[in-house]
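Thanks for coming, everyone. I have one structure to walk through today, from overall shape down to single residues. Please bring it up on your screens.

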Amino acid sequence: MKHSRITGAGHYLPERIVTNEDLSTMMNTNDAWIVERTGIRERRWFTPGKETVTSMAKEASEMALRNAGLTAKAIDFIVFATITPDYFIPGNGVLLQRELGLQGIGALDIRNACSGFIYALSIADQFIKTGMYRRILVVGAEIQSSALDKSDEGRSSAVIFADGAGAVVLEATDEPERGILSTHLHADGDHAEELYVKDPGSSRETRISKELIDSGSFNLSMNGNAVFKHAVVRFDEVIREALQANKKEPKDLDLLIPHQANLRISQYIQAKLGLEDRQVYNNITHYGNTTAATIPIAISEALIQEKIHPQDLICLAAFGSGFTWASALIRW
């Protein structure tokens, strides 16, 4: 049986930097309030007419391909994680395929929000293990800023979410001791409405109307306390699950790359696992929460900063809307 390993990573972030001070001119908030609750000091928002989910994903993918020493033609399949596609239909996988000149290969879209990249990585891993594909492009990209309620009512989520894209190339290998060791996927739909965007939903008599728009149902709705309460439990569980499945302990980790949901959550998990600062990678301070893009962006940056080395034991973990949560343990 084949195994899979990440051979290249890339990322793209919009040029527009939005600081906490900038947000204070849009809503009743300030830098101290945002930093205390989220750890975020600035984030990136896209420029309409210049950047799209597809264009950002293309930039990240081309960077990943260069770092893998490959051209786009080497890719057999695309798995694209996003909850903010450029079109309602079709998904973004085919749009990226077109931009990369890969017409004819399969493209699969994943809608698992903050856990989307790890779900996508797990799916790609299974395709490679079965021998169906040899090289898969796995992408996470989001534009959240255009859907945020930038008023006082929406500030609890408007200060958190942001835009960006990340991608990795996953390739087949015959080395069972290298690459993805295991992935672990979970969900609990009982909490679906704690973090969701209700519309446009297909089960309405009219998908879009003035009444629906005025109701605020097109904006993100988040029960922050419920999300935090469940996240700190599920993050810890799914990280330990990955370690135990491979007979490892937290101290064996060289680097934990958590989904960048909230710096307070990452710090809580770090303390619970007894990890040192050097064992956890966080970049939410500068980029905010880019949903499915946070982990691949962090992987790409960590490689550039030489925080990941051959043979390092790396754990990816995420929690988000659904609720869904997931982890992957990787021997680099």
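Let me start with one residue. Ala-113 counts as buried because its relative accessibility is 6%. Buried here means under 20% relative accessible area, exposed means over 50%, and partly exposed is in between, with a 1.4 Å probe and protein chains only. Ala-113 sits in the loop between E5 and H5. Its phi is positive, about 50 degrees, although it is not a glycine.

Some ground rules. This is a predicted model: local features need pLDDT of at least 70, side-chain atom pairs count only at pLDDT 80 or more, and totals for chains, interfaces and linings use all residues. Numbering runs from 1 along each chain as its sequence is written, and side-chain values use heavy atoms, with hydrogens and water left out.

Now the whole chain. It has 11 helices and 13 strands. These are DSSP runs, numbered from the N terminus: helices are H or I with at least four residues, strands are E with at least two. The radius of gyration is 19 Å, close to the 20 Å of the globule rule for 332 residues, so the chain is as compact as a globular protein of that length. That radius is taken over C-alpha atoms, and the rule is 2.2 Å times the number of residues to the power 0.38. Along its principal axes, the C-alpha trace spans about 55 × 45 × 35 Å.

Of the 332 residues, 55% are buried. Take the contacts with a separation of 6 or more: 77% of them join residues 24 or more positions apart. Contact means heavy atoms within 4.5 Å.

Charges next. There are 34 positive and 42 negative side chains, and the centres of the two sets lie 3 Å apart. Lys and Arg count as positive, Asp and Glu as negative; His and the chain ends are not counted. Each charge is placed at NZ of Lys, CZ of Arg, CG of Asp or CD of Glu.

Which residues touch the most other members of the largest nonpolar core? They are Leu-121, Ile-257, Ile-299 and Leu-316, in a core of 36 residues. Helix H5, residues 116-129, gives the largest share of this core, seven residues. A second, separate core has 25 residues, including Ala-57, Ile-75, Ile-78 and Val-139. A nonpolar core is a set of buried Ala, Val, Leu, Ile, Met, Phe, Trp, Tyr and Cys residues joined through side-chain atoms within 4.5 Å.

Look at Leu-316. Leaving aside neighbours within four places in sequence, its contacts include Phe-117, Leu-121, Ile-257, Ile-299 and Ile-330.

Ile-299 brings us to helix H11, residues 294-304. Nine of its 11 residues are buried, so H11 is largely enclosed by the rest of the structure. Among those buried are Pro-296, Ile-299 and Glu-301. Just after H11, Glu-306 takes a positive phi of about 60 degrees.

Helix H4, residues 92-100, is next. Its buried residues are Asn-92, Gly-93, Leu-95, Leu-96, Gln-97 and Leu-100. Their cover includes helix H3 (53-68) and strands E4 (77-81), E5 (106-110) and E6 (135-142). Gly-101 follows H4, with a positive phi near 70 degrees.

Two single residues now. Leu-313 lies in strand E12. At 0% relative accessibility, it counts as buried. Leu-313 and Trp-332 are 19 residues apart in sequence, but 6.4 Å apart in space, C-alpha to C-alpha. Beyond its neighbours within four places in sequence, Leu-313 contacts residues including Leu-181, Asp-254 and Ile-330.

Ile-269 lies in helix H9, residues 263-273. It counts as buried too, at 3% relative accessibility. With neighbours within four places set aside, Ile-269 is in contact with Val-232, Phe-235, Asp-236, Ile-239 and Leu-256.

Last, the backbone geometry. Where are the cis peptide bonds I want to show? One joins Ile-89 and Pro-90, with omega about 0 degrees. Pro-90 is in the loop between E4 and H4. Another runs from Gly-322 to Phe-323, with omega near -25 degrees. Phe-323 is in the loop between strands E12 (313-320) and E13 (324-331).

Is Lys-247 buried or exposed? Exposed, at 77% relative accessibility. Lys-247 has a positive phi, near 55 degrees, and is not a glycine. Its place is the loop between helix H8 (224-245) and strand E11 (255-258).
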